Amino acid sequence: MNPSFTTRPEIRGTFGVVSSTHWLASQVAMSVLERGGNAYDAAVAGGFVLQIVEPHLNGPGGEVPILFWSEREQRMRALCGQGPAPALATPTYFRKMGLDLVPGIGLLPATVPGAFGAWLTLLRDYGTWELADVLQPAIGYARDGFPLVPRISQAILAVQALFRDEWKSSGDVWLPGGRVPAPDALFRTPAIAATYTRILDEAHAASTDRRGRIDAALDVWYRGFVADAIDSFYTNEAVLDTTGQRNPGLLRKSDLADWRATYDEPLTTQYGRYTVAKCGVWSQGPVHLQQLALLRHLDVDKLDPLSPQFVHRVAEAAKLAFADRTAWYGDPDHVQVPLAALLSDDYARARAAGIGERASATLQPGSPGGLAPRLPDLDAAIRTLAASDTRYGVGEPTFAALPPVSEWATRELFVGDTCQIDVIDRDGNMVAATPSGGWLSSSPVVPELGFSLTTRLQMTWLDDGVPGQLQPGKRPCTTLSPGLALRDGLPYMAFGTPGGDQQDQWTVAFFLRHAMGMNLQAAIDAPSWHIDHFPGSFWPRSQTLNRLTVESRMPDATLDALRAAGHDVKVGPDWSEGRISACTREPAAGGQMLLRAAANPRGMQGYAVGR
């Protein structure tokens, strides 16, 4: 690989920068900055656009974790837009159905949809714009049309029979005229535009000031007509899911009415001159920090990032950190998680000492603070698959099997659900957000609203005594994981990627490459990989061990050496691993800030912009 070549320039400027997984969201966010909005206004506007233009990867009924740096407050904060389990969702309920796992699609796996609440909370508390102005671009794309990226058409094609025969409210939206829409065609979702317009109308009628209108919109969503429509649909409809049966939902208006997006302090670890921040243990974010803590003791900064030694050590550190995720992570409001021990340097040093020259083939959770790990029943996936209807895919939308579509096969498919947006404004405010959920293929459209709801409850376990056990009011441990980093104690980088279980693998390798001297774009472009060495977070929670999937651009000598070290190496397409977005800020001459941004070329839709 030519180290001086990048697929696109690293964007540099002083006014503002944006990077996201879709060019329209990036352009909208940048237009907000150009018209005087701050990073929070821009991120919220871009986030709402992502709901419209990447409906196979997120939607209005999804969730979003947000990390941000406030220049005024001189601090980082995390904002949790992950809603909890409904009051009716208990392990006993699902066991009585004869299930070992919460289904991956349909109405049963719904949690409270938290994206709307989190975005509006950020806008209210840190933004400057009116909600109507922030929502206008999303409403415009939904009402007037947006271009369908090929993957949307492919996602609809994969579930067209389900939409025609069973989820007819989804067929009404996604199969206009009864046909799968063609890639690159303009597509409209007018019911979503109508929903957001009605929210704005009711909010405007309820209050005469900006903050009051935002609070009123929150009330309309979680205690008004949106909650009423969700309650009615999830109570009265029974829809086909992976059980092979038609089941009603468990989510109720009371679940929505009691929920609020909440702030907390990010978790951090030190890696050289960098302080890396992630969301709390209600997310998988601490997995990223645990890996960096291990890698501090493995001298990876002295290695060529394309060498087998580098890939091996990073992969083995990931195996240990993700094993700990399985054994120890859960909603900290409901379970005691030994976080201090998991993130301690003594624990990292001891775990790193167990990494040798050979690939590990077993799942090895640690014993932080001397505690004994407890794993869920990892054979539940085998029993569940044997008894399930998987014709319409599984829990994570972009991992569902797609039928061959030769006429659409001119573009490589990328692996990874979810979206990402990162923004830095000229004052230095920074936002990193990872919106997801409400995928068009995972639950049926609520007819009165025009969109689907999250199915994040599939990421819980039914086993008694494990940290990730399902419990009413408890958040599932989401894979969503935006990142921030300080450099030499100063705010520096906002970053993240889609990709489910791969998120805190791709971004670790990216971060290391950047810390070793690659610019943002080069660090994103470099050949990447991921491991499978844990039970997956999405239904049916299948476990694969010692699998290392590597882009084919990796040197042959590296691939051969990894195989010789015992890795089960799977070679993927040239550009198939990662969808990273990143922005940075640093002091420049004359008291200004130099801003940079880069975006992922894989999938040909990520876009960085700035000036």
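Is Arg198 buried, exposed or partly exposed? Arg198 is partly exposed, with a relative accessible area of 41%; buried means under 20%, exposed over 50%, and partly exposed in between, with a 1.4 Å probe and protein chains only.

Colleagues, this is a predicted model, in which local features need pLDDT of at least 70 and side-chain atom pairs count only at pLDDT 80 or more, while totals for chains, interfaces and linings use all residues. Residues are numbered from 1 along each chain as its sequence is written, and side-chain values use heavy atoms, with hydrogens and water left out.

My topic is salt bridges, each a side-chain nitrogen of Lys or Arg within 4 Å of a carboxyl oxygen of Asp or Glu. The structure contains 38 of them.

Arg198 pairs with Glu202, their closest N and O atoms lying 2.9 Å apart. Both residues belong to helix α9 (residues 190-206), and because they are four residues apart, about one helical turn separates them. Helices here are DSSP runs of H or I, at least four residues, numbered from the N terminus. Glu202 is also partly exposed, at 31% relative accessibility.

A second salt bridge joins Arg213 and Glu130, at 2.7 Å from N to O. This pair links distant parts of the chain, 83 residues apart: Arg213 lies in helix α10 (residues 210-223), and Glu130 in the loop between α4 (115-126) and α5 (131-144). Arg213 is buried at 15% relative accessibility, whereas Glu130 is partly exposed at 26%.

Next, Arg553 and Glu551 meet at 2.6 Å, N to O. Glu551 is buried, with a relative accessible area of 0%.

Finally, a network of salt bridges links Glu10, Arg12, Arg487, Glu586 and Arg596.

Methods:
Helix = DSSP H or I, 4+ residues; strand = E, 2+ residues; numbered from the N terminus.
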